[in-house]
Amino acid sequence: MTTAPKLPPPAAGSETRPTVLQRRAASFGHAVRGVGAALRTEVHLWFHAATTAAVLGLGLYCGLVRWEWAAVALSVGAVWCAELLNTAIEAVVDLVSPEYHPLAGRAKDVAAGAVLVMALAALVVGVLVFGPYFF
Ligand SMILES: Nc1ncnc2c1ncn2[C@@H]1O[C@H](COP(=O)(O)OP(=O)(O)OP(=O)(O)O)[C@@H](O)[C@H]1O
């Protein structure tokens, strides 16, 4: 009976240490999980999802050109980004200050204000891009 040749033992720690690619894939997974968790808990995000779908449909209907798609994509992405950051800030505030505190309230109000500012800016972009197709 022949026996398989013995392999040299793996270098110390190499059997458990993830590669750079695995670490990036894990980070990507965490990010996707974060978006999923926010979608499950935040009704606002369903409104954003519906608005995003409507804007994409309108863009296809109007036949937007490349720069218009770029402006729309940046605006939609920025609003999602602001809403996700707002959700994260709300979670941290609830964690560190479950009781009423003026600073906790201010943090939440300012974070909500960031979403409002970005949504208004996106509205301006929407009017500038889609307006000429209808008026
Ligand atoms: N711990 C707190 N201390 C003081 N004020 C708070 C506190 N938590 C919430 N608030 C006040 O209540 C408002 C609403 O907070 P809440 O956590 O209900 O967020 P929200 O605006 O309803 O957002 P969402 O519906 O996404 O949770 C805040 O903007 C803030 O003014």
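Read along the sequence, the chain follows the pattern α-α-α-α. That comes to four helices and zero strands. Helices (H or I, at least four residues) and strands (E, at least two) are DSSP runs, numbered from the N terminus. The model is predicted: local features need pLDDT of at least 70, side-chain atom pairs count only at pLDDT 80 or more, and totals for chains, interfaces and linings use all residues. Residues are numbered from 1 along each chain as its sequence is written.

**The chain as a whole**

Of the 135 residues of the chain, 7% count as buried. A residue is buried if 20 or more other C-beta atoms lie within 10 Å of its own, exposed if 12 or fewer, and partly exposed in between, with C-beta atoms placed from the backbone. Residues 24 or more positions apart account for 69% of them. Two residues are in contact if their C-beta atoms, placed from the backbone, lie within 7 Å.

**Helix 2 against helix 3**

Two packed helices are described by the angle between their axes and the distance between the axes. Helix 2 covers residues 43–62 and helix 3 covers residues 66–96. Their angle is about 175°, and their axes are 11 Å apart. Axes are lines fitted to C-alpha atoms, for helices over the stretch in contact, and angles run from 0 to 180 degrees between N-to-C directions. Helix 2 and helix 3 are therefore roughly antiparallel to each other. Angles under 35 degrees count as roughly parallel, over 145 as roughly antiparallel, 65 to 115 as roughly perpendicular and the rest as oblique.

Which residues meet here? On the helix 2 side they are His44, Leu45, His48, Thr52, Val55 and Gly59. Helix 3 brings Trp69, Val72, Val76, Val79, Trp80 and Glu83. By class, this contact of helix 2 with helix 3 has seven nonpolar, four polar and one charged residues. Ala, Val, Leu, Ile, Met, Phe, Trp, Tyr, Cys and Pro count as nonpolar, Asp, Glu, Lys and Arg as charged, and the others, Gly among them, as polar.

Ala54 is also found in helix 2. Ala54 is exposed, with 10 other C-beta atoms within 10 Å.

**Records from UniProt**

An unreviewed UniProt entry places the feature "transmembrane region" at residues 45–64, 71–93 and 113–134. UniProt positions are given in the numbering used here, feature names are shortened, and annotations may be inferred rather than shown by experiment. Two of these stretches are compared below.

Arg23 is found in helix 1 (residues 20–41). Arg23 is exposed, with 11 other C-beta atoms within 10 Å. Glu83 lies in helix 3. With 22 C-beta neighbours inside 10 Å, Glu83 counts as buried. Leaving aside its neighbours within four places in sequence, Glu83 is in contact with His44, Leu45, His48 and Val115.

**Around the ligand**

The residues around the ligand include Glu42, His44, Tyr100 and His101. A residue is near a molecule or strand if its C-beta atom, placed from the backbone, lies within 6 Å of it. Helix 4 (residues 102–134) gives the largest share of this shell, five residues. By class, the shell divides into three nonpolar, four polar and four charged.
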